[in-house]
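My entries follow in the order I made them.

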Amino acid sequence: MNILLTGAAGQLGSELLPLLSEWGEVTATDRSEPADLKNNWLKADISDGGEPENLLNRLRPGLIVNTAAYTAVDQAESEPQTSFDINADFPGRLAAWAKKNNARLIHYSTDYVFDGNAARPYVETDTPDPLNVYGDSKLAGERAIAESGCEHVILRTSWVYSSHGKNFVLTMLDLARRGLSLKVVDDQTGCPTSARNLAQASISVIREWQASGAGGRTGVFHYCDDSTLSWHDFARAIFSFSVSAGLLEKEPELAPVSGLEFPQPATRPNWSVLDTSKIANVFNIRPASFSGSLQAVIREVRARGLK
Ligand SMILES: NC(=O)c1ccc[n+]([C@@H]2O[C@H](COP(=O)([O-])OP(=O)(O)OC[C@H]3O[C@@H](n4cnc5c(N)ncnc54)[C@H](OP(=O)(O)O)[C@@H]3O)[C@@H](O)[C@H]2O)c1
């Protein structure tokens with residue numbers, strides 16, 4: 001099977017690339033190119049008005065895994081067009097091609113499609129109502145895929161981190177390394193998710209599809225790791241594990257702060273916890289351990305050295 005992986009240099013894409021190679025001939029694409037190029041790699045900017053259909057017609061993938069995304073949540077407020085081009089128009093075009101050519105699509109969306117007013121974890125049938133442009137554009141992408149009628153799985157996830165790329169863990173470690181005392185928001189609650197676990201969940205979807213066909217196994221599913229935390233709790237866990245792992249000498253001073261005292265261009269939901277029962281029931285995918293996954297990422301950062 002030919003597989004097209006987009007966003008292959010990102011947090012999730014780079015975790016998926018080695019795993020997908022076991023399932024077929026992978027063509028990886030992103031707008032940057034890794035130094036240690038191992039796979040078929042196409043350097044392409046998907047916001048430049050190019051025709052994804054040309055590439056798809058040439059590669060004829062049976063499976064498209066679309067991790068490419070405009071993920072700069074605050075910047076999206078001032079670049080709505082680019083955000084919609086990448087997060088809505090592009091996946092819609094992939095989906096239309098997939099429908100026409102009997103390909104399957106795995107795509108990713110976000111907890112930020114919700115407004116955060118729920119009093120329990122969000123299920124897939126809850127009505128989305130995004131508070132920011134990023135969430136709006138990701139919701140538009142979900143809808144474009146659903147309307148195409150192609151066989152798809154959209155994994156909605158939250159607070160993704162890994163040992164590389166732009167994420168909360170590396171930002172906190174950088175601030176701590178510089179000896180700064182920190183204020184971190186404690187009234188926004190969600191579920192941090194390791195990119196590797198999300199990649200493994202994606203592989204489990206492919207395994208199930210291969211084993212039993214896609215019938216009834218299409219649509220939106222929530223996947224996140226197993227703990228519900230505030231950003232402040234998350235930071236405390238990062239520092240505590242980093243000291244234990246010998247990555248930091250001591251924990252920095254860390255004070256809780258309300259989101260209202262820390263204004264950002266994009267409004268975030270105060271509560272964006274995802275219920276993962278559906279993916280457990282349909283695909284037998286269970287949330288991985290937050291603690292074990294964060295410790296693994298911290299060990300990787302330590303092995304590589306904190307820059
Ligand atoms: N990160 C999170 O906390 C989070 C939370 C919920 C859902 N998600 C969703 O999970 C999925 C994976 O996220 P991630 O954290 O792996 O994102 P990521 O690290 O930002 O990776 C996205 C990749 O897409 C690339 N990309 C962006 N614009 C492009 C363009 N115009 N042309 C070609 N490539 C482009 C990025 O390149 P550049 O690095 O050069 O921009 C990056 O390599 C996304 O669908 C995201 O919306 C993420």
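**Helix α1.** I began with the buried residues of α1, which are Gln11, Leu12, Gly13, Glu15, Leu16, Leu17 and Leu20. Buried means under 20% relative accessible area, exposed means over 50%, and partly exposed is in between (1.4 Å probe, protein chains only). That makes α1 mostly covered, with seven of its 10 residues buried. Helices (H or I, at least four residues) and strands (E, at least two) are DSSP runs, numbered from the N terminus.

**Ground rules.** I note that this is a predicted model, where local features need pLDDT of at least 70 and side-chain atom pairs count only at pLDDT 80 or more, while totals for chains, interfaces and linings use all residues. Residues are numbered from 1 along each chain as its sequence is written, and side-chain values use heavy atoms, with hydrogens and water left out.

**Ligand.** Which residues are closest to the ligand? I found Asp30, Arg31, Asp45, Thr71 and Tyr134 to be the closest, with 25 residues surrounding the ligand. A residue is counted as near if one of its heavy atoms lies within 4 Å.

I then looked up single contacts to ligand oxygen atoms. Aspartate 30 has a polar side-chain atom 2.6 Å from an oxygen atom of the ligand. For a polar side-chain atom of lysine 138, the distance to a ligand oxygen atom is 2.8 Å. Valine 160 uses its backbone instead: an N or O atom there lies 2.9 Å from an oxygen atom of the ligand.

The ligand taken alone exposes 880 Å², and the protein buries 86% of that. These areas come from the Shrake-Rupley method with a 1.4 Å probe; for residues, only the protein chains shown count as cover. Elements giving two or more residues to the shell are α1 (11-20), β5 (104-110) and α4 (133-148). β5 gives the most, with three residues.

**Aromatic pairs.** I counted 10 aromatic pairs in the structure. Rings of Phe, Tyr and Trp (its six-membered ring) pair if their centres lie within 6.5 Å; planes under 30 degrees apart count as stacked, over 60 as edge-to-face and the rest as tilted.

Why is the pair of phenylalanine 114 and tyrosine 122 stacked? The ring centres are 4.0 Å apart and the planes are at 5°, so the pair is stacked. Both phenylalanine 114 and tyrosine 122 are buried.

Phenylalanine 234 and phenylalanine 290 have ring centres 5.8 Å apart and planes at 70°, so this pair is edge-to-face. It links distant parts of the chain: phenylalanine 234 is in helix α7 (residues 231-244) and phenylalanine 290 in helix α9 (residues 290-304), 56 residues apart. Phenylalanine 234 is buried at 1% relative accessibility. Phenylalanine 290 is buried at 5%. Both belong to one aromatic cluster, formed by Trp159, Tyr161, Phe168, Trp231, Phe234 and Phe290.

From that cluster I followed Trp231. The side chains of tryptophan 231 and glutamine 188 are joined by a polar contact of 3.2 Å. A polar contact is a pair of N or O atoms within 3.5 Å; within protein, one must be able to donate a hydrogen and the other to accept it, and residues adjacent in sequence count only if both atoms are side-chain atoms. Glutamine 188 lies in the loop between β8 (182-185) and β9 (189-190).

**Cysteines.** How many disulfides does the whole structure hold? My search found zero. A disulfide is a pair of cysteine sulfur atoms within 2.5 Å. The closest cysteine sulfur to that of cysteine 224 is in cysteine 191, 3.8 Å away, too far for a bond. Cysteine 224 is buried, with a relative accessible area of 1%. Cysteine 150 is also buried, at 4%.

**Positive phi.** Arginine 60, not a glycine, has phi near 45°. Arginine 60 is in the loop between α2 (52-59) and β4 (63-66), and is partly exposed at 45% relative accessible area. Asparagine 102 has a positive phi of about 55°. Its loop runs between α3 (80-100) and β5. Is asparagine 102 buried or exposed? Asparagine 102 counts as exposed, at 73% relative accessibility.
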